[in-house]
Amino acid sequence: MRLGVCYYPEHWPRDLWDDDARRMADAGITRVRIGEFAWSRLEPQPGQFDWQWLDDAIAVLARHGHGIILGTPTATPPKWLVDRMPDMLACDEGGAVRKFGSRRHYCFSHDGYRQECARITMAMAQRYGHNPAIAAWQTDNEYGCHDTVLSYSDAAREAFCIWLAARYGTVAALNAAWGNVFWSMEYASFDEVDLPNLTVTEANPAHWLAFRRFSSDQVLSFDRIQTDILRELSPGRDVVHNAMGFFTDYDHHALGQQLDALGWDSYPLGFLEMFPFSAADKLAYARQGQPDIAAFLHDLYRGCARNGRWWVLEQQPGPVNWARHNPAPLPGMVRLWTLEAMAHGAELTSYFRWRQAPFAQEQMHAGLLRPDSAPAPALAEVTQVSADIARLGPTGEGAARVAIVFAYLSEWVTQTQPQGEGASALWAAFNCYRAARKLGLNVDIIRPGAPLDAYGLVILPCQPIVEDNFARQLQGFTGQIIIGPRSGSKTDEFSIPDNLAPGPLQSVFSGVVTASESLRPGLVHQGQGWDIGLWLDHLDTQATAELVADDGTAACYRAENIRYLAAWPKPALIAEVMKRAARDAGLEVVRMPKGMRMRQSGNYRFVFNYSAAAQPLPDAISGELVIGDRLVAPGGVAVLAAG
Amino acid sequence: MRLGVCYYPEHWPRDLWDDDARRMADAGITRVRIGEFAWSRLEPQPGQFDWQWLDDAIAVLARHGHGIILGTPTATPPKWLVDRMPDMLACDEGGAVRKFGSRRHYCFSHDGYRQECARITMAMAQRYGHNPAIAAWQTDNEYGCHDTVLSYSDAAREAFCIWLAARYGTVAALNAAWGNVFWSMEYASFDEVDLPNLTVTEANPAHWLAFRRFSSDQVLSFDRIQTDILRELSPGRDVVHNAMGFFTDYDHHALGQQLDALGWDSYPLGFLEMFPFSAADKLAYARQGQPDIAAFLHDLYRGCARNGRWWVLEQQPGPVNWARHNPAPLPGMVRLWTLEAMAHGAELTSYFRWRQAPFAQEQMHAGLLRPDSAPAPALAEVTQVSADIARLGPTGEGAARVAIVFAYLSEWVTQTQPQGEGASALWAAFNCYRAARKLGLNVDIIRPGAPLDAYGLVILPCQPIVEDNFARQLQGFTGQIIIGPRSGSKTDEFSIPDNLAPGPLQSVFSGVVTASESLRPGLVHQGQGWDIGLWLDHLDTQATAELVADDGTAACYRAENIRYLAAWPKPALIAEVMKRAARDAGLEVVRMPKGMRMRQSGNYRFVFNYSAAAQPLPDAISGELVIGDRLVAPGGVAVLAAG
Amino acid sequence: MRLGVCYYPEHWPRDLWDDDARRMADAGITRVRIGEFAWSRLEPQPGQFDWQWLDDAIAVLARHGHGIILGTPTATPPKWLVDRMPDMLACDEGGAVRKFGSRRHYCFSHDGYRQECARITMAMAQRYGHNPAIAAWQTDNEYGCHDTVLSYSDAAREAFCIWLAARYGTVAALNAAWGNVFWSMEYASFDEVDLPNLTVTEANPAHWLAFRRFSSDQVLSFDRIQTDILRELSPGRDVVHNAMGFFTDYDHHALGQQLDALGWDSYPLGFLEMFPFSAADKLAYARQGQPDIAAFLHDLYRGCARNGRWWVLEQQPGPVNWARHNPAPLPGMVRLWTLEAMAHGAELTSYFRWRQAPFAQEQMHAGLLRPDSAPAPALAEVTQVSADIARLGPTGEGAARVAIVFAYLSEWVTQTQPQGEGASALWAAFNCYRAARKLGLNVDIIRPGAPLDAYGLVILPCQPIVEDNFARQLQGFTGQIIIGPRSGSKTDEFSIPDNLAPGPLQSVFSGVVTASESLRPGLVHQGQGWDIGLWLDHLDTQATAELVADDGTAACYRAENIRYLAAWPKPALIAEVMKRAARDAGLEVVRMPKGMRMRQSGNYRFVFNYSAAAQPLPDAISGELVIGDRLVAPGGVAVLAAG
């Protein structure tokens with residue numbers, strides 16, 4: 001794994017560049033990401049380019065051996081461009097125009113802006129495409145950040161109508177597919193279809209789902225404009241993009257397939273604060289991040305990436321500026337996070353950013369240097385982890401025997417129709433992941449339809465839409481399977497299947513969901529150390545009720561190698577089910593101490609102590625210590641080589 | 001009482017219709033409600049009607065003996081109509097247009113849409129008005145659902161100006177009535193008056209009250225267009241509408257007077273979840289509904305209905321789709337709810353809906369059948385309750401000796417000027433109702449001015465505006481009276497009366513409210529088992545302070561047969577006051593066990609167990625068991641005939 | 001100190017005026033504030049003035065010896081004016097027009113409206129400027145109330161561009177100052193700069209800060225139009241304005257400098273309910289107001305006022321109408337609040353309002369009279385306090401040895417960039433004030449740069465932007481200094497200083513803030529009776545760590561006479577620091593009992609009992625009792641003359 005850093009030469013006096021490049025190299029960094037917000041400096045006026053500064057910056061960095069990851073600046077169109085085509089701005093769900101003044105101020109559907117993006121990308125690729133210092137290209141920046149995938153602009157509406165026509169062929173087919181006879185919502189032409197926002201009460205969920213699919217497709221085609229140009233004009237370079245964490249508004253599996261490697265931006269503390277973790281976790285892990293956040297996203301994006309090639313393009317190095325509260329990481333965490341990425345197979349970990357900017361929106365976001373160029377605490381950890389990486393050498397593959405199946409489509413369904421507050425496919429998957437990881441298991445997170453041969457246990461945490469092909473694939477799978485609630489409960493057009501849930505999965509598990517209910521917090525069926533809450537499917541099945549609450553309600557059914565989890569995978573329940581399934585799959589498990597996690601990668605076992613106290617390695621974890629100690633410090637890492 | 005069901009033949013293949021109609025009849029159903037969302041199928045293109053499918057559906061249903069309740073489809077104007085007059089759409093309080101794509105997408109004040117409603121109603125009435133299968137007509141659907149009474153559109157504004165001119169005659173009269181001299185809000189003409197939304201701080205409460213009255217009147221005149229046509233073209237049929245629960249944006253008393261019977265839609269679990277019940281009640285009754293929800297609304301709408309004729313047009317049969325959480329009812333609840341409606345005098349209970357729709361917005365809303373046509377749990381309960389009803393025969397009148405007075409106007413006042421968060425006239429009435437019902441009392445909920453002869457106890461929970469006539473009527477009433485806080489505190493134009501609160505009621509109760517205060521949760525004057533909280537009127541009166549808090553603050557005054565409740569009717573306080581008033585009125589009370597409720601109807605005493613545990617009938621409830629047992633099952637019912 | 005009252009002759013029949021004026025005088029009132037909402041009565045139609053009623057009202061009041069405080073009515077432009085220039089209305093942050101129908105419906109930046117304000121002010125000044133009854137003028141009413149300082153209208157945008165040009169000279173200078181290279185936010189001309197609302201994610205904080213400064217400046221120039229006219233046309237009269245409590249959207253120091261005296265409107269109960277006080281305080285002081293609310297604002301506005309001349313222009317006399325809950329004050333509180341104002345040096349306390357209006361928005365706001373003209377409870381307290389004041393005579397100056405430095409600019413910075421939820425400069429200052437006052441200390445609240453000679457202890461609770469001059473002034477100060485967190489952390493253009501925080505204060509305190517972090521509630525470093533929470537600066541310094549948490553984290557450093565408080569001034573921590581600093585400053589402290597407060601004024605010590613129980617004076621408070629007793633009643637006051 002290489003180390004990298006995000007750098008903005010345009011923010012600094014030229015006389016700092018050389019020293020910066022040297023200090024980066026001294027810390028073990030070999031990749032520098034630049035350029036992705038610099039449009040106003042590359043093209044200060046329409047058509048008038050200023051390449052000199054970038055030429056020079058690249059030359060300086062290259063002189064110190066750095067490979068450049070060059071970003072296209074399309075996340076920040078300059079003011080003159082926006083003023084030329086103000087209708088390129090997106091609109092929010094309430095209809096308000098989302099104005100210039102920060103970033104990501106564009107609608108993915110605007111043709112004029114797409115042409116401008118092609119133009120600037122082409123100009124950059126023509127100038128730098130064959131520059132030997134250019135190691136890779138990054139398209140745009142964090143698609144979807146700040147809720148920018150869904151736009152309610154006129155441009156989006158027009159594009160949606162065209163997309164619908166392509167999908168459905170005739171408007172009668174659309175009406176039938178969506179069930180528009182309900183509430184007289186039938187259309188006479190595609191032009192009549194509006195976006196699903198601002199309706200009196202909720203719009204048809206099939207309407208929403210189409211809009212979600214369309215919106216995701218717009219991201220993909222927007223990105224393809226750039227990747228096509230870059231591949232043609234800069235052959236041999238990786239084209240990547242940097243995804244964010246827990247963002248689901250576009251299909252990352254699809255994006256991953258059109259890139260050479262999928263990057264993502266890892267901010268464990270910010271994510272902990274801003275996403276729906278428990279208050280207890282938010283306190284206990286305020287300085288470390290809940291121990292499965294980064295790991296889950298590593299495994300998710302590895303599963304999205306073509307050939308499994310993935311990078312951490314931005315790694316949190318200290319306090320950030322954008323969460324409600326922004327604590328400093330525990331000493332050691334920057335190193336720990338880096339080694340966790342390595343353990344999961346990252347090709348790159350790139351820190352965001354080199355030097356803390358003293359101005360503008362992110363001035364409270366730490367870097368490896370302080371604004372006064374003195375080292376920030378993270379720099380020493382980077383230097384240390386660079387040595388760690390060198391010592392370990394290549395780790396080999398991190399084979400997993402457990403697969404969690406996740407589709408972005410699933411989350412679109414549960415967001416569109418929660419039916420019970422909190423019943424989200426994404427967080428169901430996270431709960432399953434955490435349960436497996438607490439058992440010391442390596443996990444892959446895969447898309448429906450990915451090969452299953454390697455696995456002994458496959459989990460569908462909550463997959464409302466199941467294709468027939470995938471059901472057939474599962475039918476042929478002989479390992480253990482856990483099917484979570486709501487799975488197979490919807491057709492591809494957001495209806496209830498003719499044979500009811502679990503729909504096509506009835507060929508895998510013989511049973512019918514006769515009714516589903518959602519339960520408010522506190523409304524539970526108590527079991528032995530777990531309970532049924534949030535969601536409950538009622539089944540008509542001959543399968544054995546394997547886990548039954550005190551009042552006789554079944555939480556989990558089993559028939560041969562298949563478990564149907566009828567209740568929501570709340571932590572205690574999914575832990576119990578996972579334990580049983582892992583045992584039945586013959587997987588070796590290690591009950592990890594609180595806050596401690598493990599990942600096996602090739603010959604190495606990486607053990608991470610996310611807790612704030614020193615903890616001994618569990619006896620079950622043996623091997624020769626290559627890094628660290630059997631008493632693992634808070635925020636510490638131990639790496640053992642198999643005996 | 002008849003049983004009915006809501007049915008959407010347009011949703012299903014024709015070959016299901018006959019079997020559906022037969023199975024309905026087998027379950028004891030004799031009324032089928034259809035048509036109310038079918039505009040796009042009745043008139044697929046402007047002026048081109050397709051009656052055939054509806055002709056056939058009616059014929060099939062009639063063949064199985066069903067009387068049809070035919071709905072006008074005006075809650076769901078088709079897209080082509082909206083596109084012809086886009087200004088028919090309502091606007092929300094923030095000014096955003098409420099778009100097509102769900103239902104109720106119209107402004108009550110739009111003349112063009114009113115003409116379209118007249119046209120489609122006339123077309124339907126001409127075709128089916130004399131069809132012997134048509135038993136009744138339902139106008140539109142759930143006026144006010146999704147906050148649709150108050151519209152801030154241009155059409156509403158124009159109509160409001162006209163309405164104001166009619167009410168006030170001169171703009172000087174309006175200025176004087178509203179006190180517009182305050183803050184220089186005076187108008188020079190009616191045209192200058194805008195809607196009261198989007199003002200810098202709150203608009204004049206008199207302005208709001210006028211807008212509330214206007215908006216309610218618009219619903220009434222909108223409805224009258226249809227009722228007039230239907231009465232003329234379909235003589236002898238009942239014309240009804242289906243109200244919702246706890247909706248107060250239009251005057252249901254007034255609507256009830258222009259209909260033949262008032263229907264309402266009973267969703268006890270959804271209402272419990274979405275309305276301000278305590279967290280404890282939301283948990284304890286998650287599967288049953290708090291025991292007074294349906295009963296309160298039965299009694300409220302019976303009091304609204306002309307000649308007391310009222311129907312349950314939609315009865316929840318299982319989980320719904322629209323609450324935050326949607327649990328399944330406890331087994332037996334569908335039967336219990338049906339018998340509760342019977343006990344309160346309903347002429348019809350109609351289940352929503354026959355078969356769960358697998359598509360569109362309500363696909364997670366249960367029916368009597370599952371989407372695959374297999375029986376859902378409710379169907380057996382319907383069949384059972386149909387037999388129960390047959391066994392009981394006609395029950396006779398449910399005479400009440402307690403009347404709670406409620407005016408929609410009261411709630412408009414407290415919503416416009418809460419003065420203390422939560423001080424709502426509606427929920428004050430509910431609290432009083434619950435207290436009476438816990439004493440086993442039959443209760444009528446009546447409008448101010450309704451005859452009082454039958455009652456021994458009359459309660460005004462919180463009635464800010466009191467007409468002189470009503471005060472005179474109360475003066476002549478010799479039974480017990482409870483006057484709640486804020487009563488008589490406002491003139492008809494939302495001012496403080498010259499003689500201060502309780503204004504005209506000073507002729508009934510000799511005292512003056514010298515000051516009122518509202519109290520944050522936790523700020524209480526502690527009494528003996530009750531406390532003073534939320535609201536407190538300070539009185540200058542010679543009446544006896546009957547209930548006095550430990551610190552000497554009076555909660556309730558008494559003078560002869562009148563009690564003035566100076567503090568908010570919080571549950572424990574109103575229970576104490578109600579107990580005393582019932583005693584003084586000589587009413588026989590039965591302290592009902594937790595979760596158990598009773599309603600006497602003619603010769604029968606219906607006892608309902610809303611709790612989740614079996615409970616014995618209290619000894620005080622005697623009589624011969626016609627249905628059930630003295631140990632009443634959870635969700636069970638016992639009916640006793642007077643000895 | 002004089003007593004006054006707010007009166008609205010236009011609300012009442014003329015035959016009440018004389019009696020009203022007489023009763024005011026009987027209660028000890030000598031000032032009457034009138035006119036400030038009466039535009040529609042002064043100019044019912046454009047250009048047609050009706051002065052007669054105001055002539056008469058002034059004459060009647062003057063006949064009873066009252067000096068008039070005459071308000072310009074520009075907070076309530078009449079409808080005809082708004083209809084002539086609808087673009088004078090402000091827009092909210094979402095872009096919605098803030099309509100006519102209440103008050104403050106104008107944008108400070110609208111030139112047309114400014115001209116209209118000049119016109120009406122001139123007309124009033126011409127008519128009454130030399131009238132001997134006119135004692136003072138009040139401009140407009142409560143600038144900023146209802147969030148009206150920040151407007152997002154076209155008028156505001158245009159004025160902002162002009163303001164920017166004046167501030168920065170060239171757009172290149174603006175781009176450099178704001179760091180617009182970040183995210184390609186660079187502008188090519190001032191015209192391109194939009195307001196910072198509705199951006200995709202947050203706008204540049206420097207952009208926001210400029211907009212905050214601009215918006216504040218607009219208030220100042222708006223006000224100056226009137227003050228200039230009034231000074232010219234009505235010489236010898238005080239020109240004042242009435243500020244509100246805890247409003248920070250414009251610079252009250254600057255406004256104070258352009259007025260003769262600064263007024264403010266004191267609503268202790270409403271403020272307690274609506275501002276972020278603890279739930280415990282909201283309950284304990286619901287009827288009294290937290291004991292430091294009025295005192296803090298007295299001292300703040302005294303510090304803002306030119307020559308320290310300040311008035312209470314509106315004093316809460318009973319329940320108000322605008323808080324979430326509106327309890328009645330404890331008996332005695334109106335007197336207590338009045339004497340607290342006197343103790344802090346007010347020249348006037350004027351009650352709002354004379355008679356409770358029975359109509360319009362404030363009908364639930366108590367007055368000194370009830371709507372029926374009977375005395376409300378406050379009238380007797382006013383009469384009593386009038387006698388108290390007479391008995392005390394002039395009190396002399398209330399010299400303070402403690403100064404808290406507060407700049408409105410500080411609050412704009414922390415609001416723009418909280419970085420940790422709740423980290424507000426205003427509330428940091430309040431916490432420091434409360435801690436000092438609990439030690440019985442007189443406190444001045446001063447602007448940065450005010451003379452420091454009088455003080456033994458100076459506190460900068462949280463002052464992100466520090467001018468070099470002020471740093472130099474502090475360098476020369478030999479008393480004790482407490483520097484709070486975030487101080488000196490920003491340049492004047494919202495960047496991090498080159499030498500990092502505390503920036504210019506490094507010349508005062510030798511240390512560098514190497515990192516800052518914010519901590520969610522519950523995430524603390526526990527100390528001895530205090531803890532570190534919410535915010536923590538990490539320092540590189542040779543200063544002594546004076547307060548260290550159990551885990552070794554330093555909360556407060558000390559070097560000679562300077563303390564750097566690295567952690568947020570939460571109550572327990574700042575209490576500990578304040579105690580030490582006061583001791584080191586040689587200040588005599590008196591640990592005040594819970595709910596009891598003291599203020600020394602000249603020869604008098606005023607002691608106030610804000611608690612709901614009688615409490616004895618602490619032994620340390622000696623002197624001859626002039627008012628009250630050593631056992632101070634709840635809501636009671638004791639005044640002692642130094643022995």
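Throughout these views, two residues are in contact if their C-beta atoms, placed from the backbone, lie within 7 Å. The model is predicted: local features need pLDDT of at least 70, side-chain atom pairs count only at pLDDT 80 or more, and totals for chains, interfaces and linings use all residues. Residues are numbered from 1 along each chain as its sequence is written, while chains are lettered from A and ligands numbered from 1 in the order in which they are written.

**View 1. Where chain C touches chain B.** Here 48 residues from chain C come up against 40 residues from chain B. On the chain C side, the elements that give two or more residues are α2 (39-42), α4 (79-84) and α11 (279-284); helices (H or I, at least four residues) and strands (E, at least two) are DSSP runs, numbered from the N terminus. That side of chain C divides into 21 nonpolar, 14 polar and 13 charged residues. In this grouping Ala, Val, Leu, Ile, Met, Phe, Trp, Tyr, Cys and Pro count as nonpolar, Asp, Glu, Lys and Arg as charged, and the others, Gly among them, as polar.

**View 2. Chain C laid on chain B.** A turn of 120° and a shift of 0.0 Å along the axis place chain C on chain B with an RMSD of 0.0 Å. The two copies are thus related as by a three-fold rotation axis. The superposition is by least squares on the C-alpha atoms of residues with pLDDT of at least 70 in both.

**View 3. Helices α6 and α8 of chain C.** The axes of α6(C) (residues 154-168) and α8(C) (residues 205-233) come within 10 Å and cross at roughly 105°, which makes α6(C) roughly perpendicular to α8(C) (65 to 115 degrees). Axes are lines fitted to C-alpha atoms, for helices over the stretch in contact, and angles run from 0 to 180 degrees between N-to-C directions. Look for Ala159(C), Phe160(C), Trp163(C) and Leu164(C) of α6(C), which meet Ala210(C), Phe211(C), Phe214(C), Asp217(C) and Gln218(C) of α8(C). Seven nonpolar, one polar and one charged residue make up this contact.

**View 4. Helix α13 of chain B.** Eleven of the eleven residues of α13(B) (residues 333-343) are buried, so this helix is largely enclosed by the rest of the structure. A residue is buried if 20 or more other C-beta atoms lie within 10 Å of its own, with C-beta atoms placed from the backbone. Among the buried residues are Arg335(B), Trp337(B) and Glu340(B). After α13(B) comes Gly345(B), with a positive phi near 100°.

Terms used: Angles under 35 degrees count as roughly parallel, over 145 as roughly antiparallel, 65 to 115 as roughly perpendicular and the rest as oblique. A residue is buried if 20 or more other C-beta atoms lie within 10 Å of its own, exposed if 12 or fewer, and partly exposed in between; C-beta atoms are placed from the backbone.
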